[in-house]
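Reader: I have the model open and would like to know what stands behind some of the words used for it. Could you take me through them?

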Amino acid sequence: MTEGQQRIPILRMGKCLLVTIQVDLQDQTALALQDDLSAKIDQVGASGVIIDISALEIVDSFIGRMLAGISGIASVLGATTVVVGMQPAVAITLVELGLSLQGVKTALNVERGMQILAGTIDEVDTSGD
Amino acid sequence: MSDDLTVIGQILESDRAAVLQDWLGEIRATAGLGASTKTLNADTESLLKGLDKGIKSGQDGTHLDGTAWEALKDALEELSSSGAAQGISAAQTSAVVMALKRPLFERVQARLANDPVRMASGIWTVSTLVDRLSQFTLATYQKTREAVIARQQQELLELSTPVVKLWEGVLAVPMIGTLDSNRTQLVMESLLQRIVDTGSELAIIDITGVPTVDTLVAQHLLKTVTAIRLMGADCIISGIRPQIAQTIVHLGIDLQGITTKASLADALALALKRGGYIVTRAKA
Amino acid sequence: METKGSIPLHGEADIVMCRQTVRKLAQEMKFSLVDQTKMITAASELSRNTVVYGGGGHMRWEIQTEGIRNALRLWFEDKGPGIPDVEKALTDGWTSGKGMGIGLSGSKRLVNDFAISTVVGQGTSVMIARWK
C-alpha cells in the first residue's frame with residue numbers, strides 16, 4: 001500500500017456491496033471511502049450496501065457523519081445501506097455524544113444485514129409491479 | 001543524610017535481631033495476641049530489612065519515594081494486607097507498627113546518653129519515622145478494605161440485575177429497586193454485551209420492581225433503548241404500573257416511540273408475534 | 001511509567017496518533033472499556049478541532065493522583081483564531097450537528113471534568129479529564 005493513503009476495499013456480492021472497516025480511519029480515508037462507494041454503487045447498479053464496523057473501537061462525529069453520508073448518497077442512488085456490528089461501548093458513547101445517525105439502518109451482524117437487504121429488495125419488487 | 005537517621009542505621013546494622021525480638025515482645029504486650037497474624041514474624045523481619053536498606057541508601061525518606069524505599073513499602077503493604085485479609089482491625093495493624101518505637105527509643109537513649117540534645121533529636125526522628133510508617137500502613141489497609149467492598153458491591157450489582165434469555169433471540173432484564181445512574185450504566189453495558197454475544201434482536205426491560213420513575217430514570221432508560229437500537233436490535237419496556245404511566249404522562253416524558261407493555265407476559269407475547277411464532281395449546 | 005507528555009496536532013495523521021496515545025494511557029490506567037472509549041472519542045473530537053479550526057497545536061497529557069483516585073487529564077491547545085461565543089458554540093454545534101460544536105458539547109458529556117478557555121485572536125485551550 002502506498003504510504004499515507006489507506007483505502008478500504010469494497011467487495012461485491014451480486015447486487016450488494018460489502019465494506020469491512022478494520023483500521024483506525026484517517027479522515028481522508030473515510031472521505032475516500034464515501035467517494036469509492038458512491039462510484040461503485042453507480043457502476044454496479046448495487047441495490048444494497050453493508051458496512052461492517054464490528055472492528056471499529058471508536059466512532060466519533062466524523063465517522064458518524066461519514067456513515068450517515070454514505071447512507072444518504074446510496075439512498076439517492078437507489079441502494080439501501082445497513083451498518084452492522086456496532087460494538088456496545090461505541091453505541092453507549094454515540095448516545096452520550098448525541099449523534100443520532102438518523103436514517104441509517106443498523107443490524108447486529110452481516111447475516112442480519114443481508115436479511116434486511118433481501119427483505120427490502122422483495123418490498124421494492126412487489127411494489128414495483 | 002541526617003545524623004539521626006545515621007544512628008538508627010547503626011542500630012539496625014548491629015542490633016537488628018535483638019530489635020526484632022524486642023519489637024515482637026512489645027507487640028504481644030501492647031497490641032495483644034489478637035494482632036498476631038500467621039506471617040507476623042516474616043512481615044516484621046522484612047520491615048526492618050527494608051528500613052535498613054532505605055536508610056543506608058541515603059535517599060530522602062520523607063514520602064517513602066524512590067527505589068531505595070521500595071523494599072520497605074512492600075513490607076509495609078504486606079503487613080497491612082495480611083492484617084486486612086485476616087480480619088485484624090486497622091487499630092491493631094497500626095499498633096503493630098507503633099510498637100517499634102520502644103525498642104528503637106531504648107537503643108537511641110543508650111547510644112546517645114552523653115549527648116542529651118542529640119538524644120532528644122534522635123528520639124524525635126524515631127517517633128516521626130515510625131508514625132510515618134504507621135500512617136502508610138493505615139492508608140494501605142484502607143485501600144485494601146475499600147477494594148474488597150468495591151468488589152462485593154460490584155458482585156451484588158451484577159447478581160441483582162441478571163440478563164436472562166426468554167426465548168431464541170429474546171433477552172429480558174428484570175430491574176429491581178431504585179434505578180440510579182450507576183446501576184443503569186451497569187445494566188446497559190451487560191445487556192448490550194449479551195445482545196452482541198447472543199445475537200438477540202429483542203431486549204425486554206421489565207421495570208415492575210422499580211418503585212418510581214422520574215425524569216432522570218426515564219432519561220437513563222431512553223439512553224439504553226437508543227443504544228440498543230443503534231446496534232440494530234430493539235427494546236420493549238414492560239412492567240409499567242398505572243402510577244408510573246400517570247407519572248410519565250404528567251412529567252411529559254416523551255418515550256420516543258418505544259413500545260411499552262404493562263406486563264412481562266404481554267411483552268413476551270409481542271416478542272413471539274414479531275418473531276413470527278404462533279402459540280397454540282395442545283389438545284388436553 | 002511516565003506521568004506527563006505532549007504530542008503535536010498538525011495534520012490528520014496526528015488525530016489518529018492522538019487516539020492511539022490516549023488509548024494506551026487509558027489502558028495503562030485500567031479504565032473500563034466504556035470509559036476508555038468515551039475518553040478516546042472525546043480526544044478524537046477535540047484533536048480534530050485543534051487541527052481543523054485551531055490551525056494546529058498540541059495535546060498535553062498528564063496522569064494525576066488526587067487522593068485515592070487517578071485522573072487522566074488532557075489539554076488541547078492552539079494559537080488559532082479563538083472562539084468568539086463559547087456558549088453559542090457549545091449549544092449551536094449541538095443543534096446543527098456540524099462544525100466544531102458537536103465535538104465540543106459532545107466531548108463535555110463524555111468526560112468527568114471539562115474546561116475551556118479561549119481568547120479571540122490568541123488561541124484556545126480545552127481541558128478534559130476522566131478519573132477512575
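Author: Gladly. pLDDT is the predictor's confidence in each residue, from 0 to 100. This is a predicted model, and chain C averages a pLDDT of 90. In chain C, 92% of the residues score at least 70.

Reader: What does the predictor give for the complex?

Author: The complex has an ipTM of 0.89 and a pTM of 0.73.

Reader: How do you know that β3 and β4 of chain A pair, and in which direction do they run?

Author: Pairing takes at least two bridges between two strands. Strand β3 (residues 48–52) and strand β4 (residues 80–84) of chain A are joined by 5 bridges, so they count as a pair. They run parallel, and A:I50 stands opposite A:V82 in β4(A).

Reader: What makes β1 and β5 of chain A edge strands?

Author: The sheet in chain A is open, with 5 strands in the order β1-β2-β3-β4-β5 and mixed pairing. Strands β1 (10–13) and β5 (105–107) of chain A each pair on one side only. Neighbouring strands of this sheet are turned by 25° against each other on average, direction ignored.

Reader: Which helix lies across β3 and β4 of chain A, and at what angle to β4(A)?

Author: That is α2 of chain A, residues 61–76, which runs at about 155° to β4(A).

Methods. Residues are numbered from 1 along each chain as its sequence is written. Chains are lettered from A and ligands numbered from 1 in the order in which they are written. This is a predicted model: local features need pLDDT of at least 70, side-chain atom pairs count only at pLDDT 80 or more; totals for chains, interfaces and linings use all residues. Helices (H or I, at least four residues) and strands (E, at least two) are DSSP runs, numbered from the N terminus. Axes are lines fitted to C-alpha atoms, for helices over the stretch in contact, and angles run from 0 to 180 degrees between N-to-C directions. Two residues are in contact if their C-beta atoms, placed from the backbone, lie within 7 Å.
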